[in-house]
Amino acid sequence: MKHDTQHEQHSHHERGEQHGQHTDHSRHVDHGEHEAHSGHTSHTAHHPAKAGWAMAAQATLHCLTGCAIGEILGMVIGTALGWGNMQTMVLAIVLAFFFGYTLTLRSIRKAGVDFRTALRVALAADTLSIAVMELIDNGVIALWPGAMDATLSDTLFWGALALSLAVAFVVTTPVNKWMIGRGKGHAVVHQYHH
């Protein structure tokens, strides 16, 4: 019996179980990889920003500002040049995207990011948001009786435009919340402001 106990102790020793030793290092982190990981500037993909309604509303308001500038300018130019509804709407949409991207680009550039990177971030952050906003905004105007034919001096023109932008804001905010919660959209922009 004493021999069996000594034999067990000897076999434990051979497996490295005695004196708190262990031989399995497979679960240890490679410290070289860990140090390389700490050099990342962006952790958004690993840890998406908390998708609160306030952050989503702020992102939507940012897009809405660019869209509104583009929409109004497009409508004014198209109407002043006597263009038809379709040409004016296309110009307004193009300008809405342009000003939406420009506002985001400007804020990222202020953080010291190079133009090429800032442009990529702006395109990734705003494309879906602006597209949804423009779809809703122009859809409301197209479906509102007489709104497409109203001129700049008509109350209907400004009323329809204001309501369409408000509806677009309400519909686009949940889209931005969803994107931010997945580390996309304005979550990407947000990391450059901290």
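**Helices and labels**

Reply: In H5, Ala125, Leu128, Ser129, Val132, Met133, Ile136, Asp137, Val140 and Ile141 meet Ala160, Leu161, Ser164, Leu165, Val167, Ala168, Phe169, Val171, Thr172, Val175, Asn176 and Met179 of H6. Contact means heavy atoms within 4.5 Å, and helices are DSSP runs (H or I, at least four residues), numbered from the N terminus. This is a predicted model, where local features need pLDDT of at least 70, side-chain atom pairs count only at pLDDT 80 or more, and totals for chains, interfaces and linings use all residues. Residues are numbered from 1 along each chain as its sequence is written, and side-chain values use heavy atoms, leaving out hydrogens and water.

Me: What angle do H5 and H6 pack at?

Reply: About 145°, with their axes 8 Å apart. Axes are lines fitted to C-alpha atoms, for helices over the stretch in contact, and angles run from 0 to 180 degrees between N-to-C directions.

Me: Why is threonine 104 called buried?

Reply: Its relative accessible area is 0%, and buried means under 20%, exposed over 50%, partly exposed in between (1.4 Å probe, protein chains only). So threonine 104 counts as buried. Threonine 104 sits in helix H4 (residues 85-110), with its C-alpha 8.4 Å from that of alanine 118, 14 residues apart in sequence.

Me: And why is leucine 73 called partly exposed?

Reply: Leucine 73 has 34% relative accessibility, so it falls in the in-between class. Leucine 73 belongs to helix H3 (residues 53-80).

Me: How do the axes of H3 and H6 run?

Reply: They come within 8 Å and cross at roughly 145°.

Methods: Helix = DSSP H or I, 4+ residues; strand = E, 2+ residues; numbered from the N terminus.
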